[in-house]
Amino acid sequence: MDTQVGIVGAGPAGLLLAHLLRLQGIESVVLEARSREYVEARVRAGVLEQGTVDLLVEAGVGDRLRREGLVHHGLELRFDGQGHRIDLSDLTGGRAITVYGQQEVVKDLIAARLDAGGELLFEVEDVTLHDLEGEEPAVRFRRDGADHELRCAFVAGCDGFHGVCREAIPAGTLSVFEREYPFAWLGILAEVAPSSEELIYCYHERGFALHSMRSPRLTRLYLQCAPDEEIDAWPDARIWEELRTRLATGGGWTLGEGPIVEKGITPMRSFVVEPLRHGRLFLAGDSAHIVPPTGAKGLNLAVADVRVLSDALGRWFAGGDPSGLDAYSDTCLRRVWRVQHFSWWMTSMLHRFPGDDPFDGRLQRSQLRYVSSSRAAATTLAENYVGLELV
Ligand code: FAD
Ligand code: PHB
């Protein structure tokens, strides 16, 4: 089997890369460890930056997104029982975010891939990478009990944080930058109308809470919890009680409750490897970097990487110009580190840290008041949140 680009992983990064390459007439094969049903049902991120939406629309995979996505022009910071609106659009010259579930993006991209007759193989096993430093690297894998080898000009490692591509790079070649947070998020999806039109990021003595949504009938909610928390320790009634307590306001706001249809715990980590390239292997998305979800950036960063990578591969295949590929890692890392800082900053401002003292709490409240009342500080949040065009 041969192709121009072998893509490992059918998450947003791998699927979008395959699509952007096809638009330039470049062939690829996408290899995915899980089943189609599994990747289409995996509930993860929900906030798309303006630039992500624009790219998906321009690439012809934004029709349902435009119909069903919820465009938000602001968000709420809630602390000490009071809400403060950050007017994202007013502060950023009219830009906005769109709430549209990651699994919906994945469904749209899979449909586009299959409609175009592109190769997308689910349930592959034992993926290994070979000859990355040569001119014709190979990806070997098993499928339906048979061994296969895919020879290609380049390999894109889009297989997420726990994938095999980053691990295929020889030890000592990559620099690793990492921070683990002493807490996690317990996330639920509930069949109930959202209790607010916009997202609510809430700082509370008992820990962070977030009110988000997926549709006019589905609410997505998160609670800061211990990193080793057992999901069984959180029956539905306890989750609702904790959410009511943390999100309570002085004025009569109430949280709508409904059946919980999904529940999970997400660890919080900041992680970057440098560089994002080894020979003919290019890492993109979560395989190369992880951000804590407080800035709503993981998916958007994966999209930003593959936009750069597809342009660079396009130039190489069009006329052998290697400049885009040579610049890929540095170009992406500039955005990666801006987003790392923003995600760390939002996380630090909004969470309770074990062992923090009243001094830390006063600093957090002071920062929250500043961001809510100063146009300059609010603009910093807003322009990063909707996504910077230039970094
Ligand atoms: P992924 O979406 O992880 O896709 C990688 C794909 O590669 C997967 O389909 C995987 O099955 C496949 N794969 C892995 N190993 C192999 C292999 N050996 N061979 C073949 N295929 C392989 N971000 C937010 O902004 N907000 C959130 O609320 C949020 N929640 C999250 C919850 C969880 C549990 C996780 C893990 C991430 C969350 N994120 C969130 C981050 C966001 O979802 C990711 O940044 C985004 O999915 C990155 O896309 P990706 O394509 O790089 O990686
Ligand atoms: C979500 O809707 O899942 C979501 C929204 C905002 C975040 C993280 C997750 O910061």
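Which residue in β2 is the bridge partner of Val8? It is Leu31. This is a predicted model, in which local features need pLDDT of at least 70, side-chain atom pairs count only at pLDDT 80 or more, and totals for chains, interfaces and linings use all residues. Residues are numbered from 1 along each chain as its sequence is written, chains are lettered from A and ligands numbered from 1 in the order in which they are written, and side-chain values use heavy atoms, with hydrogens and water left out.

**Strands β1 and β2**

- Strand β1 (residues 5-8) runs parallel to β2, and 4 bridges join them. Strands are DSSP runs of E with at least two residues, and helices are runs of H or I with at least four, numbered from the N terminus.
- Between β1 and β2 the chain passes through α1, and this β-α-β crossover is right-handed (with the strands pointing away from the viewer, the path from the first strand over the helix to the second runs clockwise).
- Strand β2 (residues 28-31) is covered on both faces: Ser28 and Val30 are buried on one side, Val29 and Leu31 on the other. Buried means under 20% relative accessible area, with a 1.4 Å probe and protein chains only.

**The sheet**

- Strand β8 (residues 119-121) pairs with β2 in the parallel sense over 3 bridges; two strands pair if DSSP finds at least two bridges between them.
- Within β8, Glu119 stands opposite Val29.
- The open sheet has 6 strands in the order β8-β2-β1-β12-β19-β18, and its pairing is mixed.
- β8 and β18 (277-278) are the edge strands; each has a single partner strand, so one side of each lacks a neighbour in the sheet.

**Ligand 1**

- There are 31 residues around ligand 1, and Glu32, Arg42, Arg44, Gln102 and Asp286 come nearest. A residue is near a molecule if one of its heavy atoms lies within 4 Å of it.
- The shell around ligand 1 holds 16 nonpolar, 8 polar and 7 charged residues. Ala, Val, Leu, Ile, Met, Phe, Trp, Tyr, Cys and Pro count as nonpolar, Asp, Glu, Lys and Arg as charged, and the others, Gly among them, as polar.
- Helices α1 (12-23) and α8 (298-319) each supply at least two residues of this shell, and α8 gives the largest share, 3 residues.
- A polar side-chain atom of Arg42 lies 2.6 Å from an oxygen atom of ligand 1.
- For Tyr222, an N or O atom in the side chain is 3.0 Å from an oxygen atom of ligand 1.

How values were computed:
A polar contact is a pair of N or O atoms within 3.5 Å; within protein, one must be able to donate a hydrogen and the other to accept it, and residues adjacent in sequence count only if both atoms are side-chain atoms. Buried means under 20% relative accessible area, exposed over 50%, partly exposed in between (1.4 Å probe, protein chains only).
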